[in-house]
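Subject: Structure handover

Hello,

Here is the structure I said I would pass on. My notes on it follow below the display.

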Amino acid sequence: MPGPVSNVVAIDGPAGAGKSTIGKALAAKLGLEYLDTGAMYRAVTFCAMQRGLNLADTALIGELARSVTLEVGARGVFVDGLDATAAIRTPEVTAAVSQVAANSEVRAEMRERQRAWAATRGGGVIEGRDIGSVVFPDAELKLYLTASPRTRAERRVAEAGGDVDEIERSIAARDHHDSSRSDSPLVMPDGSIVVDTTGMGIAAVLAYIEGLMTSERAEQG
Ligand code: CDP
């Protein structure tokens, strides 16, 4: 296994906590690239569903994860060269992704790809569910973003529409699945800074995190 990669900012937290928005803005400020690891799990899920594979067949889905070509970046999400940027965000994929993400063979492959991604770039801002806990336990900065379930559901409705009660229920089901799985569950990583973004706008969250980084740097002398 390669040694620790410096310059990694790990952002974890449940759905709708603001990880993507904050992660992208932070990456731009720090001059680092940004990786949405949830998009990788969504892409594997989308590909499996499109091929009509049984998601419960862990060996088969593991093999798919090892063989599929994934590109996740500013241009969008490409699965075996085809643009799947919108297709990975349908309610059907969203409802199925936690099952695929609980598959240890899938996780092992995605973890290696995430580490290789960062090693190639000399770091990055990386967001997901297990980034500070498992993928990059030595990250320079670990953030755990959260917000009340209602706030998170309201943010999803503002982005993509839908019924807020229904979305709150679906987010709660996914949070439960992601937090209770045995392999790399969603947890607050050791050494992470918890930021509850309930009632905070993007600018306020960013300013707060930048303040944290400045004071950490000052403490380190
Ligand atoms: O966009 P949203 O916050 O709704 O979710 P996402 O970041 O796209 O992640 C989708 C799903 O992928 C999560 O619900 C997890 O099941 C899984 N995931 C994971 O297991 N580990 C990660 N590092 C990132 C996502």
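Val79 has Leu82, a residue of S5, standing opposite. The model is a predicted one, and everything below should be read with that in mind. S4 and S5 are joined by 2 bridges and pair in the antiparallel sense. They belong to an open sheet of 3 strands, ordered S3-S4-S5, with antiparallel pairing. Its edge strands, each pairing on one side only, are S3 and S5, the latter covering residues 82–83.

The loop between S4 and S5 contains Asp80. Asp80 is not a glycine, yet its phi is positive, at about 50°. Its relative accessibility is 37%, so Asp80 counts as partly exposed.

Also on record for this part of the chain is a contact between a charge and a ring: the charged end of Arg75 sits over the ring of Phe78, at 4.5 Å from the ring centre. As for pairs of aromatic rings, the structure holds 0.

**Domains and cores**

The domain assignment divides the chain into domain 1 (1–33 + 123–221) and domain 2 (38–122). Their C-alpha centres are 20 Å apart. Contacts between the two involve 20 residues of domain 1 and 18 residues of domain 2.

The core has 36 residues, and the ones with the most contacts inside it are Val44, Leu70, Val79, Val106, Met110, Ile126 and Phe136. The elements giving two or more residues to it are strands S1 (8–12), S3 (70–73) and S4 (76–79), together with helices H2 (37–50), H3 (58–67), H4 (91–101), H5 (104–121) and H6 (131–135). H2 supplies the largest share, 8 residues. As background, nonpolar side chains in soluble globular proteins tend to be buried together.

If neighbours within four places in sequence are set aside, Ile126 is in contact with Val8, Val9, Ala10, Ile11, Leu35, Thr37, Trp117, Ala118, Ile131 and Phe136.

**Helix H4**

Which residues of H4 are buried? They are Val93, Thr94, Ala96, Val97, Ser98, Val100 and Ala101. Among the elements covering them are H2, H3, H5 and helix H8, which spans residues 164–180.

**Strands S7 and S8**

S7 (residues 141–146) and S8 run parallel and are joined by 4 bridges. Thr146 is placed opposite Asp196 of S8. S8 covers residues 193–196 and has two faces: Ile193 and Val195 make up the covered one, while Val194 and Asp196 make up the uncovered one.

Ser184 is in the loop that runs between H8 and S8. Ser184, also not a glycine, has a positive phi of about 50°. Is Ser184 buried or exposed? With a relative accessibility of 8%, and the limit for buried being under 20%, Ser184 counts as buried.

Regards

Note on methods. Residues numbered from 1 in each chain as written. Predicted model: local features only at pLDDT ≥ 70, side-chain atom pairs only at ≥ 80, totals over all residues. Heavy atoms only, no water. Phe/Tyr/Trp six-rings, centres within 6.5 Å; stacked < 30°, edge-to-face > 60°. Lys NZ or Arg CZ within 6 Å of the ring centre and 35° of its normal. Buried < 20%, exposed > 50% of the residue type's maximum accessible area, 1.4 Å probe, protein only. Pairing = 2+ DSSP bridges. Core = buried A, V, L, I, M, F, W, Y, C linked by side-chain atoms within 4.5 Å. Contact = heavy atoms within 4.5 Å. Domains from an automatic or database assignment.
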